[in-house]
Amino acid sequence: MENINFRATLIEASAGTGKTQRLTQEYLKILDKKNPAESIKRILAITFSEKAAIEMKERILKEIFEKIYPNLSEKEKIDLENQLFRLRISTIHSFCQQILRRFSLYLKIDPFFKIIEDTESNLYFFQAIGKFLNLLEKNQSSLDIIKKIKLKTFIDLLINFSNTHPHIFTGNPEDNTPLTEEILQIYQKIEEIHKEIKENISGVDFNDLEKLTYLLLSENPYALIVLEDFDEKINFILVDEFQDTNVLQWEIISKLIEEWLSGYGAKAEKGESYGIFIVGDRKQSIYNFRGAESRIFDDAKKKLKDYIKEEKLLVNYRSSPLIIDFVNKVFEDIYPWKDQKLEFPAGKDIVDSKIEINILPKDSEKEKEYEWISKKIYQMVNEKYQVFEKDGSKRDINFGDIAILIRRRNKNLKLLEDVLTNYKIPYIIVGGIGFYQEDEILFLLSLLFSLSDPTDKLSEWNLKNSIFKIEPSKIELWRKSIPYNNISTLLDKILKEINFWENLSSQQKANVEKFLILVESQKHLPLFRICQNFRKLLHKTDEPKADIFSERENAVRILTVHGAKGLEFPAVFLINIEDGKVLPKNKIIYRKTSDRFPYYSFIIRNEAEQKHKIEFKENLEEEEERILYVALTRASQYLFISGIENKPSIWIRRMERLKDKFPAEEYKGEIEKRDLKYEEKEEKFPLPSFETISSYSEEVLPAFSSYTNQAIGQIIHTVIKEISTRKILFEKEKILERIKFYLEKENIRYSKIEKKIEKIIKNLFLPSIKEIISPSENSYVELPFIVKINGKIYRGFIDRIIQKGKSAFIYDYKTGFEKEEYRKQMEIYEKAVREILEVEDVQKFLVFLHEGKIVKLE
């Protein structure tokens, strides 16, 4: 049936072309000017982040007051504001939440369910795995699979299944894939346990919101009632940031407009206008890890083909002509960029602009790149580069106008911080990582662990030797209060009692608040279980710190490209561009095989045909191109690009073609730097200063960078730990396979260090060294310690301790050569071991893996 009242518009809005403004215009166009308060109830606007929802709401309200009601009295304005609070603008998850609460009876769920954040949901998923493993004796087939592929691989695959949302829910396994089907069946059983755990606390996570809403609208017996209710209330749907939509979210939206497309229903009968307006940019689809795909635009076009009107916004109001032309050149040979080249607005003034590309030779130190960046920032501020405002005025650039963008957070971030500090450049890490390694969090974890476990002497020692000097008797007193308080309330009381908050920085206060929220979210669990959950996270180095980002703070922003999406800066430094490549971390690969539910076929990578692996990799490579596009288009005037030569890097390949046209310049002026070696650092947390003792040697392979040497040392230590803890077999093939795996993760070519690695592996099998490394009773691997010597506190990990009665034998692995300072290190280890293990005799040995010798220290 022809539907003359329904209309559909799809706008592809390139970066900086004013998509929010265009969406606002459309909203005002369909708004009933005579009765806006009633009209807004019939318009649903969906976006994919809280920030975008707030921005859209502010923009629409501003336009309504300025263009429709410019002459209201203050009282009339307040009255209208109260009515306009009914604006239906929300994220897709907020919308799903509203529907599920309203129709919870049909799904038999608690209408007062709470939203579970990803971190908490992941903890419950691990609990579900644990419960399943405890029942393995009753499930021989599952036990056989685990024996076949090893427990760690089994758990990794389960985590990958969990993370491959929504493709698992909206897909089926490929044909003739026995392992995939077996693991999928186990995963589904574990998901049932996971679901039960969440139901017991009336919890729903973000994936559940999508799945439950889809099931309500499609498979539930009352689906028609729900859809009719929606149809009666809503006339228009506006979808923003469409490129961030995953296939399940689009399926939900499609269900809502199904009757509209048919030409039947209440609206068609009444002759009302209704429709859907979609805006986004497939070139900025960069959330594949959340299930978003650029091809969703093609799905929408097929769905709306009989009604769709398409537009393309290409005029970029953000960037200078130089940057616009540069972006067009970078992507001139790729679809869809070659058909959607950015344009500079006619009549707009030309502003100061600059682009430099600095690609260092492949063996260069990272520090050299960061020195260039720091000098360039100093130069811009010192020489007062001009920033042009939107109103045409101009001013001197400041640190807050500058952003440093990175593809992903890695170990080089700490080095970047050190170099920026060295050059006295203020900075903020937006969404910084290392939450569980911060001093204030380590203190809180020690407090939590001590309250839970009176035998945890290490945590007790931490508290006693902190600035608060907390005695065991005090901890015991607090412990007696546990039955009368939930743990988050008790922690709050303790922190007030010891004046914990007094000397914390803004970042530390935010971190502590985040920690207390995490504790509060688990208050339904027994204390020992909460501690168990946190112990699993202790070595999670990528957990974000609490975000205290402030627009007003005059500091350089350091953030990922994903974190910068939707933002713009006068000056952008895109660094570490060798990281712009696909990492082989997906253990589950998938491909779209249908235009109808189920959409996907998925398979465990090891079972996949080569052509499917290639197709999957190509999709990820296309996303790397899109991430680069997002990064480059954040800059309005000044763009500086740097990295170290690396052939597999997609970003490097793109920049290589243009680096001669935009050469890097060195700053020749004088710069006052800090001498960090002698300068006393400001203590922002009232704990004693620690010196971290590292066992990783940097002396091996002097031809390579210190970062490479340190990484190799860490990899060797990690593999030896896995041998000692029975995670891998003590076999040459297994050890070499594991080392290659870690080298690949660190982007280090095995061929460069093959002979050295082979020599180290050979020495591992020497009888004297093999005896030390092999799993044994009464032994410890990477034992954590904190010890106080002459007023100074040291912390670290001891590689290997073997205890025999009242004697302890300490072994420290070295991949470098003998140095005198190792003696001091081993003396610290000895003091720690005597305190922790309470032994009478301690013997110390250095194990030089590169030379195959063991040196006893007297």
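Biologist: How many aromatic pairs does the count come to?
Modeller: The count comes to 38 aromatic pairs. Keep in mind that this is a predicted model.

Biologist: Okay, take F468 and F500. Is that pair stacked, tilted or edge-to-face?
Modeller: The ring centres of F468 and F500 are 5.8 Å apart and the planes meet at 35°, so this pair is tilted. Stacked would need planes under 30 degrees apart, and edge-to-face over 60.

Biologist: And where do F468 and F500 sit in the chain?
Modeller: They link distant parts of the chain, 32 residues apart. F468 is in the loop between α20 (457–464) and α21 (472–479), while F500 is in the loop between α22 (487–497) and α23 (506–520).

Biologist: Are F468 and F500 buried or exposed?
Modeller: Both F468 and F500 are buried.

Biologist: What about F573 and F640, how are those rings arranged?
Modeller: That pair is stacked, with 4.7 Å from centre to centre and 20° between the planes. It also links distant parts of the chain: F573 belongs to strand β16 (residues 569–574) and F640 to strand β19 (residues 635–644), 67 residues apart.

Biologist: What relative accessible area do they have?
Modeller: F573 is buried at 0%, and F640 is buried at 0% too.

Biologist: Which residues do ring pairs link into a cluster?
Modeller: F6, F95, F230, W260, Y274 and Y307 are joined that way.

Biologist: Switching to the nonpolar core. Which residues touch the most other members of the largest one?
Modeller: Those are I183, I276, F515 and F534, in a core of 113 residues. Helix α13 (residues 247–262) supplies the largest share of this core, nine residues.

Biologist: What does F515 touch?
Modeller: Leaving out residues up to four places away in sequence, F515 touches F435, I441, L444, L445, L448, L491 and F534. There is also a second, separate core of 44 residues, with I334, L628, A631 and L639 among them.

Biologist: You mentioned F435. Which charged end sits over its ring?
Modeller: That of K514, 4.6 Å from the ring centre of F435.

Biologist: Last one, K152. Where is it, and is it buried or partly exposed?
Modeller: K152 lies in helix α9 (residues 151–163). K152 is partly exposed, with a relative accessible area of 41%.

Biologist: And how far is its C-alpha from that of K727?
Modeller: The C-alpha atoms of K152 and K727 are separated by 7.7 Å, though the two residues are 575 residues apart along the chain.

Notes: Residues numbered from 1 in each chain as written. Predicted model: local features only at pLDDT ≥ 70, side-chain atom pairs only at ≥ 80, totals over all residues. Heavy atoms only, no water. Core = buried A, V, L, I, M, F, W, Y, C linked by side-chain atoms within 4.5 Å. Buried < 20%, exposed > 50% of the residue type's maximum accessible area, 1.4 Å probe, protein only. Helix = DSSP H or I, 4+ residues; strand = E, 2+ residues; numbered from the N terminus. Contact = heavy atoms within 4.5 Å. Phe/Tyr/Trp six-rings, centres within 6.5 Å; stacked < 30°, edge-to-face > 60°. Lys NZ or Arg CZ within 6 Å of the ring centre and 35° of its normal.
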